[in-house]
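Hello,

Here is the structure I promised to pass on. Have a look at it first, and my notes follow below.

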Amino acid sequence: MKITKVSVKDFRNIENIEINLCENANIIYGDNGQGKTNFLEALWMFTGAKSFRGVRDSELVRFGQDCASLGLSFYGAGRDQTAELMINGHRKASLNEIALRSPTELAGHFCAVVFSPAHLALVKSGPKEKRRFIDEAICQIKPKYIHILNQFNRVLDQRNRLLKEGPYGSHFQDMLEIWDARMASFSAVIIKTRDSFLKRMKPAAQEVYAGISQSREPLDFSYVSTLECNPEEEIPQIEETLRRQLKINRQEDIRARVTNGGPHRDDVEIQLDGKSARLYGSQGQQRSCVLALKLAECQMIYETIGEYPVILLDDVMSELDVSRRDYLLNHLRDRQIIMTCCDKAYFKRLGKGVSVKLQKGSVIYSRYY
Ligand code: ATP
Ligand code: MG
């Protein structure tokens, strides 16, 4: 998958720019606060996901404007394609000039993987970031998954609302029965999908980690479900187990007035040499873990759709030592990379490419080299 041209209007601090990209390395450089990450964020929006900075859509529109508009020309699935996105309070998308019902339908048509220093949170922080990583990655290769997540979230919301009200009304137990059945059904699909995704990406992640760390310590990770079940079983069996589990947890949930166990509380345990990477990993080891997970994600997309995603690297190179930097760039050869940095001197060795200098959200210099 390769982007050929992108236009960004009234998005964050970017007033109006149009940039032609090349199929190899594209470097977006400039001082701090000039709009480099904003530009990558604009590209990322075409995956159909929400911003990788975890903000609301309305925050993406340039101050004082009503609407941001983004346009993309890209080569994917063997042909030239276009996509448009309008963002005000909501997002409206079209693909090849056909309006989509929801921007999430862009998922699977345009794929990208983004690395930024903030992604260290994947290893350093709690389960929320890990769930988000895995859900976003699955959505790109299995776009229907987003509907399951949305339905699950709705049921969870309803169940929690009922629990907040308390067990006073006569309908309480009946309603709980209904929500539990629905929750078990969506949870079974989510748990199985997440677990098998992690298992499928593990060999690629372990290989990358071994390459970066010269095999000093083995990487391992696994899905940790807060509701006891065996994700290897078929979905109907998992669903049955989850229904029982929800029933067992019921008294505790009623007391706490919230749903304690379920895919919304699950975690991914990442281990190095058998020990938690979050608790015991060094900065460098944690960084390598994130690179390994992200590169494995690229590989999964390639194995599923037969094309590599566009790689967005936000200020990542300056954080890596020379050997990790070389490993990353070698691994990403023949793919389109769009990377940001403050100083383009880093990238003398990249060969052919495009460099663009941003200042106050405008292009002040661009060059093919
Ligand atoms: P750094 O090198 O520090 O990472 P950067 O070039 O990546 O900098 P960005 O994060 O892309 O910087 O841009 C930050 C700028 O965008 C800030 O000055 C911020 O005030 C501005 N900005 C963010 N949101 C909006 C918005 N909705 N409207 C206008 N400007 C915005
Ligand atoms: Mg930035």
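How many residues surround ligand 1, and which are the closest? There are 16 of them, with Gly-33, Lys-36, Thr-37, Asn-38 and Arg-53 the closest; a residue is counted if one of its heavy atoms lies within 4 Å of the ligand.

Before the details, some housekeeping. This is a predicted model, where local features need pLDDT of at least 70 and side-chain atom pairs pLDDT 80 or more, while totals for chains, interfaces and linings use all residues. Residues are numbered from 1 along each chain as its sequence is written, chains are lettered from A and ligands numbered from 1 in the order written, and side-chain values use heavy atoms, without hydrogens and water.

Back to ligand 1. Polar contacts here are pairs of N or O atoms within 3.5 Å. A polar side-chain atom of Lys-36 is 2.8 Å from an oxygen atom of the ligand. Nitrogen atoms of ligand 1 also meet the backbone: 3.1 Å separates one from an N or O atom of Glu-59, and 3.0 Å one from a polar atom of Phe-63. On its own the ligand has 650 Å² of accessible area (Shrake-Rupley, 1.4 Å probe), and the protein covers 73% of that.

The other thing I looked at is the strands (DSSP E runs of at least two residues, numbered from the N terminus). S9 (residues 219–224) and S10 pair in the antiparallel sense over 6 bridges, where pairing takes at least two DSSP bridges. Phe-221 stands opposite Ile-270 in S10. S10 also forms a hairpin with S11, with 2 residues between them, and Asp-273 in the turn has a positive phi of about 55 degrees.

Best wishes

Methods: A polar contact is a pair of N or O atoms within 3.5 Å; within protein, one must be able to donate a hydrogen and the other to accept it, and residues adjacent in sequence count only if both atoms are side-chain atoms. Helices (H or I, at least four residues) and strands (E, at least two) are DSSP runs, numbered from the N terminus.
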